[in-house]
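My notes follow in the order I made them.

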Amino acid sequence: MARASFNTTSSRSESAAEPELDAGTEQTRRTLLLGALATTACLGCSTEARAGEDAPGSDERPQKGDLLVFSEGDQEGKPVTLADLAAGGPPVHAWPKDPKTSVVRSASRLNEILIIRLDPAELDEKTRERAVDGILAYSAICSHAGCPVTAWVKSDVGDKDVFKCMCHNSEYDPRAGAQVVFGPAPRRLAALPLALADGSLSVAGNFIGKVGGAQPG
Ligand code: FES
């Protein structure tokens, strides 16, 4: 039908117009097809995302008996074992995982955990009591404005490595219950009691202390 409207033009212009018309029609067809495919793919993604968000327990705080699994890197999703923790740091970033349902509690960023292995002789008394073979776990969420604590670097106020939040440079010493040693953070990181059995780490109790930031970023 559309092609008929070009019949009044010269044969030269017709031969030039036809390919253009065909190309335009083809382009439209492709666009529609790609649009439909993209919509389908997107629907698939959002369904998947909703399914992940909706997994029962995925946003609950760590529960006693939860396993600890890597939250990033090549080993993401695999259990954190004693052998994975280098003595003296750096920390491993982990999520709690329900061993019965296999649900990883990653729907809440407040559940991310730092696990570090230190020399027990370096720990203060209270921290040593909670450590398992020098291993400690803390919330990975800065108590200042809730950024993730991502760095393990030499402190600005000493010669030891510390946890550091790069948003506003707060530093926490894991040897002393993750107390604040530098920066604007108002309180220490919440601590998570651990258990170690057959080389694998698990959660031994609820967070000690408040998790999350004191003010909006
Ligand atoms: S959010 Fe970490 S220092 Fe501000």
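Residues are numbered from 1 along each chain as its sequence is written. The model is predicted, so local features need pLDDT of at least 70 and side-chain atom pairs count only at pLDDT 80 or more, while totals for chains, interfaces and linings use all residues.

**Confidence**

I looked up pLDDT, the predictor's confidence in each residue, from 0 to 100. The chain mean is 81, and 74% of the residues reach 70 or more. Over residues 1-52, pLDDT stays under 50. For that stretch I found ten contacts beyond four places in sequence. A contact here means two C-beta atoms, placed from the backbone, within 7 Å. Where pLDDT is low, the predicted coordinates should not be read in detail.

**Layout**

I read two helices and ten strands. From the N terminus the order is α-β-β-β-α-β-β-β-β-β-β-β. Of the contacts with a separation of 6 or more, 55% join residues 24 or more positions apart. Buried residues make up 29% of the 217 residues. My cut-offs were these: buried means 20 or more other C-beta atoms within 10 Å of the residue's own, exposed means 12 or fewer, and partly exposed lies in between, with C-beta atoms placed from the backbone.

Strand β3 covers residues 113-117. In a regular strand the side chains alternate between the two faces of the sheet.

I then checked pairing, which requires at least two DSSP bridges between two strands. β2 (residues 92-97) pairs with β3 in the antiparallel sense over three bridges. There A94 stands opposite I113. β3 also pairs with β4 (residues 135-139), antiparallel, over five bridges. In that pair I116 faces L136.

**Core**

I looked for nonpolar cores: sets of buried Ala, Val, Leu, Ile, Met, Phe, Trp, Tyr and Cys residues joined through C-beta atoms within 7 Å. The largest has 39 residues, and I113, L114, I115 and Y138 have the most contacts inside it. β1 (67-70), β2, β3, β4, β6, β8 and β10 each supply at least two residues of this core. I listed the contacts of I115 beyond four places in sequence; among them are L68, V80, L85, A137 and L201.

P96 in β2 was my next stop. It counts as buried because 27 C-beta neighbours lie inside 10 Å. P96 and V69 are 27 residues apart in sequence, but 6.3 Å apart in space, C-alpha to C-alpha. Contacts of P96 beyond four places in sequence include D66, L68, I113 and V203.

**The open sheet**

I traced four strands in the order β5-β6-β7-β8, with antiparallel pairing. Neighbouring strands are turned by 45° against each other on average, direction ignored. That angle uses axes that are lines fitted to C-alpha atoms (for helices over the stretch in contact); angles run from 0 to 180 degrees between N-to-C directions. β7 (residues 170-173) and β8 share three bridges, and Y172 stands opposite V180.

**Loops and turns**

I checked the backbone last. Most residues other than glycine have a negative phi, and most peptide bonds are trans.

- N169 has a positive phi of about 70°. It is found in the loop between β6 and β7. With 14 C-beta neighbours inside 10 Å, N169 counts as partly exposed.
- S102, in the loop between β2 and β3, has phi near 65°. S102 counts as exposed, with 11 C-beta neighbours inside 10 Å.
- A cis peptide bond joins G89 and P90, with omega about 5°. P90 is in the loop between β1 and β2.
- β9 and β10 form a hairpin with two residues between them. D198 in the turn has a positive phi of about 50°. The two strands pair antiparallel over four bridges, and A195 has S202 as its bridge partner.
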